[in-house]
Amino acid sequence: MTKEIIKIEDLKREFTMGTETVHALKGISFIINEGEFVTIMGSSGSGKSTMLNILGCLDQPTSGTYDIDNVSIKDLSRNELAAIRNEKIGFIFQSYNLLARTSAIENVELPLLYNSKVTSEERRERAIKALEMVGLGERLHHTPSQLSGGQQQRVAIARSLVNNPVMILADEATGNLDTRTSYEIMALFQELNQQGITITFVTHEPDIAAFSNRTIILKDGLIMQDYKNHKVLSASEQLAKLPKEEPVL
Amino acid sequence: MRLLNLLKIAFKAIVLNKTRTLLTMLGIIIGVASVIAMLAIGEGSKESIRSSISNMGSNMITIRPGADDRGPARGSGGDVQTLTLQNYEVLKDEATLLSYITPVVNGGGQVINGSNNWPSTMYGVNPDYLKIKVVDLQSGSMFTDAEVKSASKVAVIGQTVVDNVFPDGQDPVGQMIRFNNIPFKVIGVLEEKGENTFGQDQDDVVIAPYTTVQKRILAIDHLNQVMASAISEDDAAEAVTQVTEILRTQHKLMATEDDDFTVRSMEELISTFSSTSEMLTILLVAVASISLLIGGIGIMNIMYVSVKERTKEIGLRMAVGGKGADILVQFLIEAILISITGGILGVILGLSATVFIEKFLNWPTSVAFYSIVISFAVCAITGIFFGWYPARKASALDPITALRYE
Ligand SMILES: Nc1ncnc2c1ncn2[C@@H]1O[C@H](COP(=O)(O)OP(=O)(O)OP(=O)(O)O)[C@@H](O)[C@H]1O
Ligand SMILES: [Mg+2]
């Protein structure tokens, strides 16, 4: 039997600004099973980020239910939500959100600092392992300002992995990166997905969506399309097909 | 475990913002240091007043002519001539609470030995004087009652006078000196006492029988002062009352009339001075406390700015699982670390300043342990208090609100 990692039903989110009310999500329902790689698409302002923030327990729905790994988040306290974010979710932001002047390894260790079950040796070990997984084993002590955008996003990915989450949520994780680097990151996500991690990925770009096995398209706070992708492209293969960078003369 | 992690996080944040942290600390450092130094100065002067006054004889009672003007360092009673030898004799006979008593007449003049010349003050007293002032002789002997009776021209001199009129190091005892051109035979030298609280050199004196000084030097009948000592320190207050009563009878004062003389015990003098220096201490501490308060406001200011500036960071910490309490404790620890480190540095600076003041400015100081405890506690409390508010604000943020903060 497949395990339901995310189950939302009639999810609504309204923002009240003075007298005006913005209906960002107008009733959304879907289930994401363990091991799926879902991309969420839609035009700007369609509610993608709003939804992902709710999925990441960073924000609360106005109404509707949300079960994560079979736990209803509706009745959880602030602290219990923090624990869920810490133990079950890895969140990746478009703008990386790394701590400045802080080494890669310390950035990756951050979630574990808030998990009192992890000892400091284990913390270091797991952070190194996560950084090796994203190919930054040689860059442990570099600070964000010494890393490229792609490398910074890899550090952010390592940070999202370090807690062994049941799912990874990424909001336009490749939005600030060039095509080549985006493909590299997608290859990494595909690899992680192969290892069984559930991934929900917000993107604007259809070519990125082609690397996932399911796509949900939002429009004005409602689901417009939700379809399985039967011809998943391999990001590493596409990467190889990209024209080689011209040598600088 | 969790607390240890938070301590690490807070410590790291402080290290990452070294300059800002140091500037914040500066307020605390200066505040604490000035509280300690100011209190040390206050305490020091109080203590030195107390010790040098009791050095002068803690049982000592002084009787001066003229009404009490409450001025602590008054001269010899000016022109008031209400104190007479007869008063002294009656007191000597009737005041049972006094163990020693001497009339005092004094006048300034030149001490001359050959070509050496020194301006000093001659005190005419009786042999009790040494007991009352609790001073001994380093050589020679004191004049006797018989010599007082015969108004002998003998003198006991202080070390400063010796240094200035016998500069060659010869033994002054047995030598002749002249005071205002009257020859005196030096029969003893007082032991050194140094300066008293008022900066007066206690060794710059010539002591002679009061009869001699009255007749030959000053040509007066009245006394400038009567000095006595109570039979014990505890009896000093009682003795003052007794002396007052006897003198009022002597001076035939009506019940409605004020005293035309002033009787003071050392205890009284000490408390007069103590209260003056206490006022000074309070003033100094008030000023220092204000700077400590400003230091505390500095902490609040910096913590406030820090929270604003790091709102995004707070959002991220929450997004990866930091609880509100974790954020609160982190910022609180930061505030406490800053204020405690500032406090420690302040204590060190305050103590160094105190040593400096004592060594190079020659001010008496005395570091009160309580001043360290109090200033340290105040700065820890301001740290917690002023750190709490912004930390509280930070911890109450929603993760997404904090993350979106620009
Ligand atoms: N905190 C907020 N307060 C008020 N309105 C908000 C808030 N967050 C989102 N919205 C509104 O909700 C709607 C959906 O916003 P959302 O950020 O989810 O869009 P999006 O699909 O992520 O767009 P983009 O692709 O540009 O990131 C928008 O109309 C936006 O203005
Ligand atoms: Mg968005």
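**Exercise 1. Find how many cavities of 30 Å³ or more a search of the whole structure gives, and describe the largest one.**

Step 1. On a 1 Å grid over the protein atoms alone, a cavity is a set of points where a 1.4 Å probe fits but cannot get out. Grid points are joined across faces, edges and corners, and the volume is the space filled by probe spheres set on the points. Lining residues have an atom within 4 Å of a point.

Step 2. Count. The search of the whole structure returns two cavities of 30 Å³ or more.

Before going on, note the ground rules. This is a predicted model, where local features need pLDDT of at least 70, side-chain atom pairs count only at pLDDT 80 or more, and totals for chains, interfaces and linings use all residues. Residues are numbered from 1 along each chain as its sequence is written, chains are lettered from A and ligands numbered from 1 in the order in which they are written, and side-chain values use heavy atoms, with hydrogens and water left out.

Step 3. Size the largest cavity. It holds about 80 Å³ of space.

Step 4. List its lining. From chain A come Arg85(A), Asn86(A), Ile89(A), Gly90(A), Phe91(A), Pro111(A), Arg159(A), Ser160(A) and Asn163(A). Ala319(B) and Val320(B) also line this cavity.

Step 5. Assign elements. Helices (H or I, at least four residues) and strands (E, at least two) are DSSP runs, numbered from the N terminus. In chain A, α2 (78-87), β6 (89-92) and α5 (149-161) give two or more residues to the lining of the largest cavity. The largest share, three residues, belongs to β6(A).

Step 6. Sort by class. Ala, Val, Leu, Ile, Met, Phe, Trp, Tyr, Cys and Pro count as nonpolar, Asp, Glu, Lys and Arg as charged, and the others, Gly among them, as polar. The lining of the largest cavity then has five nonpolar, four polar and two charged residues.

**Exercise 2. Work out which residues of the 15 around ligand 1 come nearest, and which polar side-chain atoms lie by its oxygen atoms.**

Step 1. Define the shell. A residue is near a molecule if one of its heavy atoms lies within 4 Å of it. Of the 15 residues, Ser44(A), Gly45(A), Lys48(A), Ser49(A) and Thr50(A) come nearest.

Step 2. Check the chains. Residues from both A and B surround ligand 1, so the site is shared between chains.

Step 3. Look for polar contacts (pairs of N or O atoms within 3.5 Å). A polar side-chain atom of Thr50(A) lies 2.5 Å from a ligand oxygen. For Lys48(A) the distance to a ligand oxygen is 2.7 Å. For Glu172(A) it is 3.5 Å.

Step 4. Taken alone, ligand 1 exposes 630 Å², and the protein buries 69% of that. Areas come from the Shrake-Rupley method with a 1.4 Å probe.

Step 5. Trace the shell to elements. In chain A, β1 (4-17), β2 (20-33) and α1 (48-55) give two or more residues each. The largest share, three residues, comes from α1(A).

Step 6. Sort the shell. It has four nonpolar, eight polar and three charged residues.

Technical notes. A polar contact is a pair of N or O atoms within 3.5 Å; within protein, one must be able to donate a hydrogen and the other to accept it, and residues adjacent in sequence count only if both atoms are side-chain atoms. On a 1 Å grid over the protein atoms alone, a cavity is a set of points where a 1.4 Å probe fits but cannot get out, and a pocket is an open set with protein on both sides within 12 Å along at least five of seven lines; lining residues have an atom within 4 Å of a point.
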